[in-house]
Amino acid sequence: MEEIKKVSENGERVVLCGANSYEQKYYFNQKFKALPEHIKKELQIMCVLFTEDIGGILTLEFTEQGVLEFKVQADDSDYLFDEIGSGLKIRQYQREKRELLESLELYYRVVFLGESPEGFDEEK
């Protein structure tokens, strides 16, 4: 999971969590330890199931603006990685977990970026 830790040290993006099918490991950024346990567990299940089904490495990362993005990487030699399935699974998660993902973005923007939660509803 070295790749994930390197990305999290980059000032432009902050990794929330990730899973690696090659090392069969899950990573959760301890900066987010204040999140409720059920949310941490849901993130873990989501990431691990993704890498079990699709392969590769999945990370959930916040951009500088507080947008939560799915990032997928695969080794060039990984012929079992399902690139098409990757995009489909991400869109499925974005639909099914929309409320969770939007709540995480709001949490990040308020707690880490110091934005005021007032007026966020008008943006959408």
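Here are some questions and answers, starting with the ground rules.

This is a predicted model, where local features need pLDDT of at least 70 and side-chain atom pairs count only at pLDDT 80 or more, while totals for chains, interfaces and linings use all residues. Residues are numbered from 1 along each chain as its sequence is written, and side-chain values use heavy atoms, with hydrogens and water left out.

Q: In what order do the elements of the chain run from the N terminus on?
A: Helices (H or I, at least four residues) and strands (E, at least two) are DSSP runs, numbered from the N terminus. The chain has five helices and four strands. Read from the N terminus, they go α-β-β-α-β-β-α-α-α.

Q: Is leucine 58 buried or exposed?
A: Leucine 58 sits in strand β3, residues 57–62. Buried means under 20% relative accessible area, exposed over 50%, and partly exposed in between (1.4 Å probe, protein chains only). Because its relative accessibility is 0%, leucine 58 counts as buried.

Q: Which residues does leucine 58 touch, not counting those up to four places away in sequence?
A: Contact here means heavy atoms within 4.5 Å. The list reads Cys17, Gly18, Ala19, Cys47, Phe50, Thr51, Phe70, Lys71 and Val72.

Q: How far apart are the end C-alpha atoms of helix α2?
A: The expected span of a helix is 1.5 Å times one less than its number of residues. Helix α2 (residues 37–53) has 17 residues, so it should span 24 Å. The model agrees, with the end C-alpha atoms 24 Å apart.

Q: Within what arc do the buried residues of α2 fall?
A: The buried residues of α2 are Ile39, Lys40, Leu43, Met46, Cys47, Phe50 and Thr51. Seen down the axis, they line one face of the helix, because the arc (taken from the directions from the helix axis to the C-beta atoms) is one they fall within at 130 degrees.

Q: Which exposed residues does the face of α2 turned away from its buried side carry?
A: The buried residues of α2 have cover that includes β1, β2, β3, β4, α3 and α4. The face turned away from that buried side carries the exposed Glu37, His38 and Glu52.

Q: Is phenylalanine 112 buried or partly exposed?
A: Phenylalanine 112 lies in the loop between α4 (98–111) and α5 (120–123). Because its relative accessibility is 32%, phenylalanine 112 counts as partly exposed.
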